[in-house]
Amino acid sequence: MSLNSGILTYGKENISYRVFYVGRKTLEIAVHPDGSVVIKAPLGSEYEEVRKIVAKRARWIKRQLDYFAQFNPRTPQRQYIGGETHLYLGRQYRLKIVTGDKDEIKLTRGYFRVTVKENPAYEKVEKLLEDWYLEKAAEKFGESFERCWPHFGKHLLAKPRMRIRRMKKRWGSLSKSGTLTLNADLIRAPKECIDYVVTHELCHLRYHDHSPAFFQLLEKIMPDWEKRKHKMELALV
């Protein structure tokens, strides 16, 4: 698989796109929920021919981008009050806030049952929920890491250590020192999307950039990675 990139001008707007040359017979244009435009062209295609086809579809591409843009931001500012919905592993759960003998959270029958000892101010509920998310992230991310690692361990690669923290712009990263960092907010995504992020980052053990070789490895290990990525974007954006 090889890669090109280009800029499509439509009116006063410049739209960037990436072209992947893969083993297929026809050209495919895909606009993703995150605003990225990906072209899959048959191996041996001339870039200039690809560019002309993309230019002819400019109006359609812009229409798709506008469609996805209407959903941003998807998630309103959280109030941490009863009845509000919050995500966990891709499913929506409503908050049910009650007073009791101790502070705790239980997931039951489609609800986050949040028990607080004193006045349930939103700050208290928020702190309890975020601490609960961090605890679950450590458990579920660890399970994901163990599911994904066998694809890499068989190549005698050094197993990274994992850490969890909140990041504003990235779902995961892999440092040069061999630390896999996952965004704590990823616990809100479905398990298959968590596996995608872990696999994506582990591919950087072999290729430290997003070169064609990187994507070739990612596709070999996880052929449906694009579908998982799109599902995550729709759920969490």
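Colleague: In β4, which residues point one way and which point the other way?

Modeller: This is a predicted model. In a regular strand, side chains alternate between the two faces of the sheet. In β4, V38, K40 and P42 point one way, and all are buried. Pointing the other way, and also buried, are V37, I39 and A41.

Colleague: How many of the residues of β4 (37–42) are buried?

Modeller: The strand is mostly covered. Buried here means under 20% relative accessible area. For β4 the count is 6 of 6 residues.

Colleague: Which strands pair with β4, and in which sense, parallel or antiparallel?

Modeller: Strand β2 (residues 13–22) pairs with β4 over 5 bridges, in the parallel sense. There, F20 has K40 as its bridge partner. A30 stands opposite V38. That belongs to the pairing of β4 with β3 (residues 28–31), which has 4 bridges and is antiparallel.

Colleague: In the hairpin of β3 and β4, which residue takes a positive phi?

Modeller: The hairpin has 5 residues between its strands. One of them has phi near 90 degrees: G35.

Colleague: What is the order of the open sheet of 4 strands?

Modeller: The pairing is mixed. β5 pairs with β6 (residues 91–99) in the antiparallel sense over 4 bridges, and Y88 stands opposite R91. The order is β5-β6-β8-β7.

Colleague: At about what angle does α3 run to β8?

Modeller: Helix α3 (residues 122–148) lies across β5, β6, β7 and β8. Its angle to β8 (111–116) is about 125 degrees.

Colleague: How many residues does the largest nonpolar core have?

Modeller: Those with the most contacts inside the core include Y88, F112 and L186. Helix α3 gives the largest share, 9 residues. L186 touches F141, W171, I194, V197, M232 and L236, leaving aside residues up to four places away in sequence. The core has 47 residues.

Colleague: At roughly what angle do the axes of α5 and α7 cross?

Modeller: The axes of α5 (residues 191–203) and α7 (residues 225–236) come within 9 Å. The crossing is left-handed. Among the residues that meet are V197 in α5 and M232 in α7, and the contact divides into 5 nonpolar, no polar and 5 charged residues. The axes cross at roughly 115 degrees.

Terms used
Residues numbered from 1 in each chain as written. Predicted model: local features only at pLDDT ≥ 70, side-chain atom pairs only at ≥ 80, totals over all residues. Heavy atoms only, no water. Core = buried A, V, L, I, M, F, W, Y, C linked by side-chain atoms within 4.5 Å. Buried < 20%, exposed > 50% of the residue type's maximum accessible area, 1.4 Å probe, protein only. Helix = DSSP H or I, 4+ residues; strand = E, 2+ residues; numbered from the N terminus. Contact = heavy atoms within 4.5 Å. Pairing = 2+ DSSP bridges. Axes fitted to C-alpha atoms, helices over the stretch in contact; angles between N-to-C directions. Left-handed = near helix turned anticlockwise from the far one by under 90°. Nonpolar A, V, L, I, M, F, W, Y, C, P; charged D, E, K, R; others polar.
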